[in-house]
Amino acid sequence: MGSLILCHDRRASHPYEITRIHSRIFTIEELCYYLCNNLYLIDYTIMNSQLCVWLDEELGMEKLSAELKDVIRLKGSVEKFVLTILKASKIYREPEMIRIQNVLEHLKNQKDIERQKYKGDNLLESGEVEEAILVYQAILNQEKDETVDEKFYGRIYAGLGAAYGRLFLYQESARMYDRAYQICQDKELIKPYLYASYKYMSLEEYHILITKQEEYMEVNARMRREIDEIRKTLPDETAPEYLDKWKRQHRRSHS
């Protein structure tokens with residue numbers, strides 16, 4: 001979180017232990033850092049009277065402690081509990097607080113596994129590709145969650161396909177997109193799959209691939225027409241530059 005401002009000098013004599021991650025914190029900054037870096041995994045376990053008492057007795061934040069106790073007493077949401085802490089700490093600037101609030105609102109009614117995927121999607125979108133891959137892989141490596149449908153996992157593979165593509169690991173990207181398509185049967189996944197395949201295969205291998213299914217032939221033909229249309233609208237001397245731009249846009253649109 002780049003906008004963190006250190007504005008408190010009180011350090012607890014006795015740390016508060018966050019049991020979920022087996023971590024001990026000593027300051028309000030550490031608490032806020034934990035909350036903001038785990039928005040996607042925060043649940044009701046953070047909302048407890050022990051934390052309220054710790055804030056009062058160890059950090060002298062009596063007013064905040066009272067406000068949090070009211071949230072618990074009135075059966076308020078976890079999101080309200082977290083935002084109350086962050087706002088009272090005055091550590092984050094307004095734009096960052098708005099972003100945090102938007103994330104919490106989006107996650108409000110999601111399952112844990114959906115929160116994990118949302119985290120991976122956001123990391124990918126913000127350019128933190130390696131981190132996104134680790135999140136997606138963690139979802140696939142854990143025990144299968146029967147509360148989500150099979151296509152949910154297909155979208156995880158699609159996310160991996162986009163991530164590997166951004167790292168120019170086209171063979172891995174194609175493999176992930178193919179897996180995603182087999183699960184979701186979403187024709188929109190054919191295009192990035194063929195693009196990734198084209199980038200690592202020889203022309204002969206690629207030709208064999210697209211002749212395996214009629215849909216592959218159709219999508220490949222459409223991709224070629226799109227490129228030809230762009231070429232027709234550009235001066236010859238600038239075509240390579242604009243084609244590269246189109247390719248970058250094409251990759252982003254299917255990530």
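A: N220 counts as buried, at 13% relative accessibility; buried means under 20% relative accessible area, exposed over 50% and partly exposed in between, with a 1.4 Å probe and protein chains only. The model is a predicted one, in which local features need pLDDT of at least 70 and side-chain atom pairs count only at pLDDT 80 or more, while totals for chains, interfaces and linings use all residues. Residues are numbered from 1 along each chain as its sequence is written, and side-chain values use heavy atoms, with hydrogens and water left out.

N220 is placed in helix α12; helices (H or I, at least four residues) and strands (E, at least two) are DSSP runs numbered from the N terminus. With neighbours within four places in sequence left aside, N220 is in contact with L194, Y206 and I210, where contact means heavy atoms within 4.5 Å. I190 is 30 residues from N220 in sequence, and their C-alpha atoms are 9.1 Å apart in space.

Apart from neighbours within four places in sequence, L194 is in contact with Y206, L209, I210, Y216, V219, N220 and M223. L194 and Y216 touch the most other members of the largest nonpolar core, which has 40 residues. Such a core is a set of buried Ala, Val, Leu, Ile, Met, Phe, Trp, Tyr and Cys residues joined through side-chain atoms within 4.5 Å. Two or more residues of this core come from each of α6, α7, α8 (150-166), α9 (170-184), α10 (190-200), α11 (203-210) and α12 (214-233). Helix α8 supplies the largest share of the core, nine residues. Apart from this core lies another, of 38 residues, among them L35, C36, L59 and L68. In soluble globular proteins, nonpolar side chains tend to be buried together.

Two packed helices are described by the angle between their axes and the distance between the axes. The axes of α6 (residues 112-125) and α7 (residues 129-141) come within 7 Å and cross at roughly 160°. Axes are lines fitted to C-alpha atoms, for helices over the stretch in contact, and angles run from 0 to 180 degrees between N-to-C directions. The crossing makes α6 roughly antiparallel to α7; angles under 35 degrees count as roughly parallel, over 145 as roughly antiparallel, 65 to 115 as roughly perpendicular and the rest as oblique. The crossing of α6 and α7 is left-handed; that term applies if the near helix is turned anticlockwise from the far one by less than a right angle, and right-handed if clockwise. On the α6 side, the contact is made by I113, Q116, K117, K119, G120, D121, L123 and L124, and on the α7 side by V129, E131, A132, V135, Y136 and I139. By class, eight of the residues in the contact of α6 with α7 are nonpolar, two polar and four charged. Here Ala, Val, Leu, Ile, Met, Phe, Trp, Tyr, Cys and Pro count as nonpolar, Asp, Glu, Lys and Arg as charged, and the others, Gly among them, as polar.

A further pair is formed by α3 and α4. Helix α3 (residues 62-73) and α4 pack at an angle of about 170°, with their axes 10 Å apart, which makes α3 roughly antiparallel to α4. The crossing of α3 and α4 is right-handed. L64, E67, L68, V71 and I72 of α3 meet K80, F81, T84, I85 and A88 of α4 in this contact. Helix α4 (residues 78-89) also holds E79, a residue that is buried with a relative accessible area of 13%. Leaving aside neighbours within four places in sequence, E79 is in contact with L104, K108 and R115.

Helix α1 (residues 28-37) has seven of its ten residues buried, so α1 is largely enclosed by the rest of the structure. The buried residues of α1 pack against β1 (16-18), β2 (23-25), α2 (49-59), α4 and α5.

For the chain as a whole, there are 13 helices and two strands, and 44% of the 255 residues count as buried.
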